[in-house]
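Hi there,

Here is the structure I promised to pass along.

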Amino acid sequence: MKDDFTDIRCMESAMEALASYMKDEYCLVILDVQLTDMSILELLRTMRNAKHTPILALTAPLKSEDIVTLFHAGVDACLEKPVDVQVCTAQANALIQLYFDADDRHKRHYTISFGAEFIISPRYRQVIVDGEPLALTRKEFDLLHCLASYPGQVFSLDHLYAHVWDNECAESGEDTVRVHIQTLRKKLVALGKDFIQNIWGVGYKFVPPG
């Protein structure tokens, strides 16, 4: 589970929610749905057509055809009110995990480019800095790719270790990550590219050029 993503925002109107949804990136939307308000269906369709962020709808008891309508409009899961908090949390976590699993599979294969200044190619496992290849170890490349896939997002040491080392064993996962981050940063800073920043007591993030 991605424990680092804890920024939660509450919106009181459909317009406010849609504006924030279009502007920012979310890993889950929980929507209190009143099916009598037809603008809700239009909101769902607009959100679904724009992005693939999972949507969890909280509803009053509905007929099966009404639930089908919500799914056709773009909802990924429904919970009837009154909502059991534990069930809601479990459902939310499952949707978030599916979102990141799908996103990770997609990001694993596409080239990350910040103009000609900095290019990461997973297919060829190559990093190009100002037109020149940068020599990295396998783990350094995986760390850089993980961080650069989510610019500005802070990752904990535990998350980076779980993502990059998977099920491999080490005496200290956090120390392993720190050592590899240090060598990776030295290689980047030597080229004038201080893209990886330490957020004291939290973890690391990738700050792209410009």
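Below is what turned up when I went through it.

One thing to keep in mind before anything else: this is a predicted model.

**The overall picture**

The protein has 7 helices and 9 strands. Of its 210 residues, 40% are buried. If you take the contacts with a separation of 6 or more, 54% of them are between residues 24 or more positions apart.

**The main core and Phe118**

The largest nonpolar core holds 39 residues, and Phe118, Leu144 and Ile196 have the most contacts inside it. There is another core apart from that one, made of 15 residues, including Leu31, Leu43, Leu44 and Met47.

Leaving out neighbours within four places in sequence, Phe118 touches Ile112, Ser113, Val127, Ile128, Val129, Leu144, Leu188, Phe195, Phe206 and Pro209.

**Aromatic pairs**

Searching the whole structure gives 6 aromatic pairs. How do the rings of Phe118 and Phe195 sit relative to each other? Their centres are 4.8 Å apart and their planes meet at 80 degrees, so this pair is edge-to-face. Phe118 belongs to strand β5 (residues 118-121), while Phe195 is in the loop between α7 (173-189) and β8 (196-199), so the pair ties together parts that are 77 residues apart in sequence. Phe195 is buried as well, with a relative accessible area of 5%. Both rings belong to one aromatic cluster, formed by Phe114, Phe118, Phe195 and Phe206.

**A three-stranded sheet**

Over in another part of the sequence, 3 strands make an open sheet with parallel pairing, in the order β1-β2-β3. Which strands are at the edges? Those are β1 (29-32) and β3 (77-80); each has a single partner strand, so one side of each has no neighbour in the sheet. On average, neighbouring strands here are turned by 25 degrees against each other, direction ignored.

Cheers

Technical notes: Residues numbered from 1 in each chain as written. Predicted model: local features only at pLDDT ≥ 70, side-chain atom pairs only at ≥ 80, totals over all residues. Heavy atoms only, no water. Core = buried A, V, L, I, M, F, W, Y, C linked by side-chain atoms within 4.5 Å. Buried < 20%, exposed > 50% of the residue type's maximum accessible area, 1.4 Å probe, protein only. Contact = heavy atoms within 4.5 Å. Pairing = 2+ DSSP bridges. Helix = DSSP H or I, 4+ residues; strand = E, 2+ residues; numbered from the N terminus. Axes fitted to C-alpha atoms, helices over the stretch in contact; angles between N-to-C directions. Phe/Tyr/Trp six-rings, centres within 6.5 Å; stacked < 30°, edge-to-face > 60°.
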